[in-house]
Amino acid sequence: MKFHPEKLRISDQRMKPFVDSEEIWECINQTPASKSRIREIIAKSLDKNRLTLEETAVLINADDPELVEEIKQGAKNLKEKVYGQRIVLFAPLYVGNLCINNCAYCGYKASNQVMKRITLTNDDLVNQVKALEDTGQKRLILVYGEHPKYDANFIADTVRTVYSVKSGPGEIRRVNINAAPLDIDGFRIVKDAKIGTYQIFQETYHEETYRKVHLGGIKRNFEWRLTSLDRAQEAGIDDVGIGALFGLYDWRFEVLGLLRHTNHFEACYNVGPHTISFPRIQYASELNIDKNHIVSDFDFTRLVAILRLAVPYTGLILTARESSAIRDEILQFGVSQIDGGTNIEMGGYSKKKENGNQDIDFEQFQINDNRTLNEIMEELIDHKYIPSFCTSCYRAGRTGEHFMEFSVPGFIKRFCQPNAILTLAEYLEDYAPPETKVKGEKLLAEKLGEMEDDGFKEKLLEKLTLVKQGKRDLYF
């Protein structure tokens, strides 16, 4: 792909809303789902072609359980074809829960007088990062409420602090951000702190519903939020993540809203979002929403499979909002990233939970997968997945258009799986209990046995020997 300098200039057209509710509903209502058409669309996706709105709507309209199973199987095949059997792991770290917004679904809303408000001090932040590093975490996403205190300079300072913390063999190699929209200058400030992905969820792409659930604060501005990651792109952040909060409006509409957002990025910046997230509403302090659009497990599992087929080269993130059972099922259908050892209580990583209970008055919402990082690692290993803490693409400059150049021909599987193997080997040496280490080393031997002996395997074996000798942070 060629570099287009004109894409760095701000266009009035580019900053306008690009989601048309009538267009999306017309697409849903006028696309019947025949068996032959569904199979044609799955075949197109398996040939690594992104789907159109109309094609995705056909999959959405497939209600027959047999066809839904075909969609899920197609998504599973595509995931293995593009990404191999690796699953990237990360942890969320909440930095502050001050907030000026009133979002009906969020425990942090300004009107919630029960919520205990905390902003981590620099020492608090260091302690949280040390606790995370001591379990083996290498990738974090920092989460902030929307408040004047959490401006671009504050975010940048916290990112630099996180990168500076080293505990034993531990270090954080990638810091992603989930925070309020910024202006272009603000995005430039956080970019200079060497962030990874900047993640902003639209919550719902249906503007009328958006205004109903956002009752106060700057977040009421639908357009400002919708175009936020355009400003990030204009500021030079080409690694962005989008998402919708499923349960606010019809899930079918939100899936096409996410795809329309992806279309917009590709049309304007020649690159899609790096990740798509699809959290479901969970219990939260002072929760007050219309429950007419709550998404069932059946619909949730199939919408993830549909997203995988629709956007073959976009990372899909599944969080600990979901139970371990749901997460284990959905991993098959195209998820590429999950959080592990998650604790969203303010300052929670350095505390010991009593009876495993959550204090919802310290947290944004309820999580439903309380397994430790090692428990999740071992579960993945048992199912022949390769747990990965890889950060090589970000640190080697393979982001934005460069990432697309690298990923579309199929290099993700070739490079990411060996890099995942290297990060797993590090974890087994530095953090794994003996039983996990035995299982992990057996899996590594199996994966190495499956690799072609084409010279690349020899280089990987050399690096694995260096890991055994104490070398760290090796990647292709």
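Predicted model: local features only at pLDDT ≥ 70, side-chain atom pairs only at ≥ 80, totals over all residues.

Student: How do the side chains of strand E6 point?

Tutor: In a regular strand the side chains alternate between the two faces of the sheet. In E6, Arg174, Asn176 and Asn178 point one way, while Val175 and Ile177 point the other way.

Student: Are the residues of strand E6 buried or exposed?

Tutor: Buried means under 20% relative accessible area. Five of the five residues of E6, residues 174–178, are buried, so the strand is largely enclosed by the rest of the structure. That covers the residues on either side of E6: Arg174, Asn176 and Asn178 are buried, and Val175 and Ile177 are buried too.

Student: Which strands are joined to E6 by bridges?

Tutor: Strand E3, residues 139–144, runs parallel to E6 and is joined to it by five bridges. Within that pairing, valine 143 stands opposite asparagine 178. Strand E7, residues 198–199, also runs parallel to E6, with two bridges between them. Here asparagine 178 has glutamine 199 as its bridge partner. Between E6 and E7 the chain crosses through helix H7, residues 184–192, in a right-handed β-α-β crossover.

Student: Where does glycine 168 lie, and is it buried or exposed?

Tutor: Glycine 168 is in the loop between strand E4 (166–167) and strand E5 (170–171). Its relative accessibility is 69%, and exposed means over 50%, so glycine 168 counts as exposed.

Student: Is threonine 275 buried or exposed, and what does it touch?

Tutor: Threonine 275 belongs to strand E10, residues 275–277. It counts as buried because its relative accessibility is 3%. Leaving out residues up to four places away in sequence, threonine 275 touches Thr197, Gln199, Val240, Gly241, Ile242, Thr314, Gly315, Ile317 and Gln337.

Student: At what angle do helices H11 and H12 pack?

Tutor: Two packed helices are described by the angle between their axes and the distance between the axes. For H11 (residues 251–269) and H12 (residues 297–310), the angle is about 20° and the axes are 11 Å apart. Angles under 35 degrees count as roughly parallel, so H11 is roughly parallel to H12. The crossing of H11 past H12 is right-handed.

Student: Which residues make the contact between H11 and H12?

Tutor: H11 contributes Trp251, Val255, Leu258 and Leu259. From H12 come Asp299, Arg302, Leu303, Ile306, Leu307 and Ala310.

Notes
Residues numbered from 1 in each chain as written. Heavy atoms only, no water. Buried < 20%, exposed > 50% of the residue type's maximum accessible area, 1.4 Å probe, protein only. Helix = DSSP H or I, 4+ residues; strand = E, 2+ residues; numbered from the N terminus. Pairing = 2+ DSSP bridges. Right-handed = clockwise from strand over helix to strand, strands pointing away. Contact = heavy atoms within 4.5 Å. Axes fitted to C-alpha atoms, helices over the stretch in contact; angles between N-to-C directions. Parallel < 35°, antiparallel > 145°, perpendicular 65-115°, else oblique. Left-handed = near helix turned anticlockwise from the far one by under 90°.
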